[in-house]
Amino acid sequence: MKRMLSGIKPSGQLTLGNYIGALREFVKYQNDYEMIVFIANLHTLTVYQDPKELSQNLKDTIALYLACGLDPNRSTIFMQSDVMEHAQLGFILSCNTYMGELNRMTQYKDKLAKGEESMTSGFYVYPTLMASDILIYDPDFVPVGEDQKQHVELTRDVAMRFNNRYGETFKIPQPLIPKIGARIMSLSDPTKKMSKSDEQDKGCIYLLDKPEVARKKVMSAITDLVGKVQYDPINQPGIANLLVIHSALSGRSIENLVKEFEGQGYGTFKKAVADEVVKLLIDLQAKYNDILNQHILDKVLAQGAVKARVLAHQKLKLVETKIGLTID
Ligand code: AQP
């Protein structure tokens, strides 16, 4: 069975973008792949996190993983910081990555362009920790949203460089981008990705939003003056985004939806999108509450960490031997 690995950074409440672009795909992949899914808690630290909020976000994230259908008996589910080998390999890989490569990373360039002064050194090097998160498990595939493709490309480059220098050590992973929903956009600015740490709360649907709050957000989503429901991401990015959301949640094709809403106003269309979103949230939140009541989170994480540590430890030892960190 091929192996697949992915993680989500719990830097805030998980969003509909995380669900469509990542979580629901992970759940489907469990049928065909050996899945390794972690909570990337170390990555949240690249910007300041309130400790209490972070801890709550970690708890919500693991509960939502399970509520979405990730199964700890079929997949390895764990907290990144519970497997210390990630950080150790991360440092070794940062010594095999050039600053020029990190300077080209989009997130870094964006912050630099905005003149952000409080950028941490952790933020600068996090792509090498991400490379470690991946390479330490030798996955065949890494499912990611459109925006994360660059990280997997860097990971591949670093792995190839390492293999060339020290001999075959890492498997070269392939990024896997979902066909629909790879980039869900903000409802208040459909030219920007829906992000959990977005300050414009109205543009983002959180998986733990009250269903009626989420409905209001969809109903007030920014659209356009064209007045026609059609898929035109350049000229009608708001409507295109809502079509993608509806299609991802209902399983219906965009073509089919365009036909159904032809000649109807945006209000009717938005209501249909909101119905799909609300249906999802009600179902997910019921499962989330049920999982919290079972008090199983610690056990699930402990079980996942034990499985992950075996693989991570083996790979780290191999790397240390290859680079001469050990004595014969
Ligand atoms: N809007 C999105 N559309 C589709 N996929 C998305 N993902 C995130 N947002 C969207 C996918 O979810 C996985 C986990 O991503 P992440 O949360 O670890 O990192 P991120 O992409 O940086 O998410 P945010 O919400 O934008 O975080 P902040 O605001 O902290 O920077 C990935 O596969 C990602 O593509």
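A search of the whole structure turns up one cavity of 30 Å³ or more. A cavity here is a set of points, on a 1 Å grid over the protein atoms alone, where a 1.4 Å probe fits but cannot get out. Grid points are joined across faces, edges and corners, and a volume is the space filled by probe spheres set on the points. The largest cavity has a volume of about 40 Å³. This is a predicted model, where local features need pLDDT of at least 70, side-chain atom pairs count only at pLDDT 80 or more, and totals for chains, interfaces and linings use all residues. Residues are numbered from 1 along each chain as its sequence is written, and side-chain values use heavy atoms, with hydrogens and water left out.

Which residues line the largest cavity? They are Leu102, Met105, Gln107, Tyr108, Phe123, Tyr124, Tyr126, Pro127 and His151; lining residues have an atom within 4 Å of a point. Two elements give two or more residues each: α6 (106-113) and α7 (121-135). Helices are DSSP runs of H or I with at least four residues, strands are E runs of at least two, and both are numbered from the N terminus. α7 gives the most to this lining, with four residues. By class, the lining has seven nonpolar, two polar and no charged residues. Ala, Val, Leu, Ile, Met, Phe, Trp, Tyr, Cys and Pro count as nonpolar, Asp, Glu, Lys and Arg as charged, and the others, Gly among them, as polar.

Next, the rings. The whole structure holds nine aromatic pairs (rings of Phe, Tyr and Trp, the last by its six-membered ring, with centres within 6.5 Å). Tyr108 and Tyr124 have ring centres 4.9 Å apart and planes at 65°, so this pair is edge-to-face (over 60 degrees; under 30 is stacked, the rest tilted). Tyr108 lies in helix α6 and Tyr124 in helix α7, so the pair ties together parts 16 residues apart in sequence.

Now the ligand. Its shell has 21 residues, and Ser11, Lys193, Ser195, Lys196 and Ser197 come nearest (a residue is near if one of its heavy atoms lies within 4 Å). A polar side-chain atom of Lys196 is 2.4 Å from a ligand oxygen. For Gln148, a side-chain N or O atom lies 3.1 Å from an oxygen atom of the ligand. α1 (16-29) and β1 (3-8) each give two or more residues to the shell. α1 gives the most, with four.

Definitions and conventions. Polar contact = N/O pair within 3.5 Å; in protein donor to acceptor, adjacent residues only side chain to side chain. 1 Å grid on protein atoms, 1.4 Å probe; cavity = no way out; pocket = protein on both sides within 12 Å on 5 of 7 lines; lining within 4 Å.
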